[in-house]
Amino acid sequence: MVSVKSSTDLAKMREAGRISGRALKLAGESIKAGMTTKALDKIIHDYIVGCGAKPSFLGYGGFPGSACISINDEVIHGIPSHKRRIAEGDIVSVDVGACINGFHGDTCATFAVGKVSDEAKKLLEVTEASLYEGIKAAQVGARIGDVSHAVEEYCVSRGYGVVRQYCGHGIGRELHESPEVPNYGKAGHGVRLVSGMTFCVEPMINVKGEGIRVLNDGWTVVTKDGSLSAHFEHAIAITPNGPVILTEP
Ligand code: MG
C-alpha cells in the first residue's frame with residue numbers, strides 16, 4: 001500500500017530531509033585522504049544527533065553504522081570501519097538517513113577524493129545526472145516506470161551498467177515503504193503517481209556490467225567485474241507543481 005502524505009507530514013519530512021542533506025553535505029566537506037570510514041561516520045552521526053534527530057541506518061537490520069560508506073567498486077552498504085582508510089583518487093559513496101518527528105530522510109552522493117581518473121569523473125557526472133532525469137519524470141499522473149525508464153535510458157545509452165537487484169523506495173514514517181522504485185523499467189507501467197507520494201530515487205550505476213555480489217560481511221555490495229560504481233539519491237515529494245526534493249540541505 002502506497003501512503004499519501006498530508007501537508008503537515010510533508011513539512012516534517014522536509015525537516016528530516018534537510019538534516020539528512022546537511023549531514024551529507026558535511027560529509028562531502030569533511031572527507032579527505034587518510035581518514036578512516038569510521039571517522040567519517042562519526043562526523044555524520046554526531047551532526048545528526050546534534051540536530052535532535054536519530055540516524056535512520058544505525059541498527060537498521062543490525063547495520064552497525066550511521067552511514068553506509070562504499071568505496072570504488074563497492075556499490076552500497078559499506079560498513080564504516082577503523083581499518084578502512086580513504087585514499088587519494090578514491091570515489092566514496094556516502095548514504096545517510098535521519099529520523100525526526102516520526103519521519104525519515106534518505107540521501108546519498110558519491111564524492112571524488114582529490115584527483116580521480118577521467119573514468120571515475122565521468123561515472124559521477126552520469127550517475128548524478130541520471131538521478132535528476134528520474135526526478136524530472138516524477139510528475140502527477142506519470143507512473144513509477146517513467147521514473148525508472150528515465151534513469152535506465154540515460155545510463156544505458158552511455159554504456160553504463162544499471163544495478164538491478166537494489167532499488168529506490170517509498171519513504172515516510174518508515175525508512176523503506178512501498179512502492180519500489182527500480183532504476184530500470186518500462187515507461188507507462190507501474191504505480192501511478194499522485195500528489196503527496198514520497199519516495200527515493202537512487203541510481204546505482206557501474207562503469208561496466210550490471211552484476212553485483214555481496215561480500216562475506218553480509219552487507220557490502222560490490223560490482224562483480226570489479227569496475228567502479230556510483231550512487232546518488234534524493235527523497236522527493238510528488239506535488240501538483242512538480243517533484244520537490246526533500247533532502248536538499
Ligand atoms: Mg534509500
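Reply: T198 is buried, with a relative accessible area of 3%; buried means under 20% relative accessible area, exposed over 50% and partly exposed in between, with a 1.4 Å probe and protein chains only. This is a predicted model, in which local features need pLDDT of at least 70 and side-chain atom pairs count only at pLDDT 80 or more, while totals for chains, interfaces and linings use all residues. Residues are numbered from 1 along each chain as its sequence is written, and side-chain values use heavy atoms, with hydrogens and water left out.

Me: Which side chain makes a polar contact with the side chain of T198?
Reply: T198 belongs to strand β9; strands (E, at least two residues) and helices (H or I, at least four) are DSSP runs, numbered from the N terminus. A polar contact is a pair of N or O atoms within 3.5 Å; within protein, one must be able to donate a hydrogen and the other to accept it, and residues adjacent in sequence count only if both atoms are side-chain atoms. A polar atom of the T198 side chain lies 2.6 Å from the backbone oxygen of I171. The side-chain partner, at 2.9 Å, is K5.

Me: What is the strand order of the open sheet of five strands?
Reply: Two strands pair if DSSP finds at least two bridges between them. Four bridges join β9 (residues 198-201) to β14, and two join β14 to β15. β8 (177-181) and β15 each have a single partner strand, so one side of each is left without a neighbour in the sheet. With antiparallel pairing, the order is β8-β7-β9-β14-β15.

Me: To which backbone oxygen does the side chain of T239 reach?
Reply: T239 lies in the loop between β14 and β15 and counts as buried at 15% relative accessibility. β14 and β15 form a hairpin with six residues between them, and G242 in the turn has a positive phi of about 105 degrees. Leaving aside neighbours within four places in sequence, T239 is in contact with V140, S195 and V244. At 2.6 Å, its side chain reaches the backbone oxygen of G242.

Me: Which residues coordinate the magnesium ion?
Reply: Donors are N, O and S atoms within 2.8 Å of the metal (3.2 Å for Na, K and Ca); water is not among the atoms, so sites may look incomplete. The donor residues are spaced D-x62-H-x32-E-x30-E in sequence. D106 in strand β5 (residues 103-112) and E233 in the loop between β13 (229-231) and β14 are 127 residues apart. At 2.1 to 2.4 Å, the coordinating residues are D106 (OD), H169 (NE2), E202 (OE) and E233 (OE).

Me: Are D106 and E233 buried or exposed?
Reply: D106 has 2% relative accessibility. The value for E233 is 1%. D106 and E233 are both buried.

Me: What is the geometry of the pair F63 and W219?
Reply: A search of the whole structure finds one aromatic pair; rings of Phe, Tyr and Trp (its six-membered ring) pair if their centres lie within 6.5 Å, and planes under 30 degrees apart count as stacked, over 60 as edge-to-face and the rest as tilted. F63 is buried at 3%, whereas W219 is partly exposed at 23%. The ring centres are 5.0 Å apart and the planes are at 80 degrees, so the pair is edge-to-face.

Terms used:
Contact means heavy atoms within 4.5 Å.
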